[in-house]
Amino acid sequence: MRKILAFFFLATLFLVACGKSEDEMKRMSKMEKARKDSIYRAAFKIAVMPTMDCLPLFYAKEKGYFDSLGVDVRLPMYYAQMDCDTALTGGTVEGAITDLVRGERLAKRGTPLNYEIATNTYWQLIANHRARVRTVAQLSDKIIAITRLSATDRLAAMAIDSAKPKEEVYRVQINSVKVRLDMIHNNLLDAAFFTEPQATAARIGTAQAPAKNPVLADSRKMGVTWGVFAFRTKAMEEKNRREQLEKLLKAYNRACDSINKNGVRHYADIIKKYCQVDDRVIQSLPSLKYPKAQPPKTADIIKAKQE
């Protein structure tokens, strides 16, 4: 009998101890989550996309340039420009990759922005070779993919207005750059706007189905340079955020120097990791130069504001 009572006594102590341990673990888990959330909120966050205009940030992160300057930079990845904008307007990030057309629209809707970095971004309208079109004028009754109220939307309007196809060109909103590329590869679109490296991937097709998809329009020939990294003006008015930005710009410029010296193909592993393209696409990329951080030209901002 004594043995049985002793057993139950020890078992009760064990259960109480376990209960306290579980409560303690839950409390510690909440504390750890709160600590991590606090660190993340204090970090300098920039919404990025799997595109080559973000390569200096990717490289600076991988190389440890941000850490060496004492700034905690986070790069949340999105596949759609509108998702970057949502993060920017919602205040969950301090900056984002975007274009001046969307930036000016965001400013009108109550989120003023600082354009700290004009990028080397260009957009190409690339046709599916099966659509049998070689010019914008031949896009009559065809479907092209854009992002509404963005540079690609405006460029599409400019190209169509200039070429004057006989029939309507249907502009559909496909926001994800990954989905847009998949749709071109799977013959679900007649044409779509892309920036690099998706533009190269679209031009050459897949390894299983190589193609020579023609370029119908190129923003570089249309007299606009609209790619930017934009930062929330309100956030940049805070002393600590401005100091973080200044350190980020130093790291960005250092990364641009390295990329311009070695060429983009030298950073194949980083491009694969962040842009999710294969060696075939990387080897086909054009030579890209990255200017150091500077604001966009006033003329480009004015053009972007025009409705």
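In this predicted model, the sulfur of Cys 84 lies 7.6 Å from the closest cysteine sulfur, that of Cys 54. That is too far for a bond. A disulfide is a covalent bond between the sulfur atoms of two cysteines. To count as one here, the two sulfur atoms must be within 2.5 Å. The structure holds zero disulfides. Cys 54 is in none, and its nearest cysteine sulfur is that of Cys 84.

Are these two cysteines buried or exposed? Cys 54 has 0% relative accessibility, so it counts as buried. Cys 84 is also at 0% and counts as buried.

Now look at Thr 51. This residue sits in the loop between strand 1 (44-47) and helix 2 (55-63). Thr 51 is buried because its relative accessible area is 3%, and the cut-off is under 20%. What does Thr 51 touch, beyond its neighbours within four places in sequence? Its contacts are Phe 58, Thr 195, Glu 196, Pro 197, Gln 198 and Cys 275.

Next comes a sheet. Strands of a sheet pair through backbone hydrogen bonds, either parallel or antiparallel. Here five strands form an open sheet in the order 7-6-8-5-9, with mixed pairing. Strand 7 (170-173) and strand 9 (215-218) are the edges, each pairing on one side only. From one strand to the next, the twist averages 25 degrees.

Strand 6 (residues 143-146) and strand 7 run parallel, joined by four bridges. Ile 143 has Tyr 170 in strand 7 as its bridge partner. Helix 6 (residues 151-163) packs on the sheet. Helix 6 touches strand 6, strand 7, strand 8 (191-194) and strand 9. Its direction makes about 145 degrees with that of strand 6.

Notes: Residues are numbered from 1 along each chain as its sequence is written. This is a predicted model: local features need pLDDT of at least 70, side-chain atom pairs count only at pLDDT 80 or more; totals for chains, interfaces and linings use all residues. Side-chain values use heavy atoms; hydrogens and water are left out. Helices (H or I, at least four residues) and strands (E, at least two) are DSSP runs, numbered from the N terminus. Buried means under 20% relative accessible area, exposed over 50%, partly exposed in between (1.4 Å probe, protein chains only). Contact means heavy atoms within 4.5 Å. Two strands pair if DSSP finds at least two bridges between them. Axes are lines fitted to C-alpha atoms, for helices over the stretch in contact, and angles run from 0 to 180 degrees between N-to-C directions.
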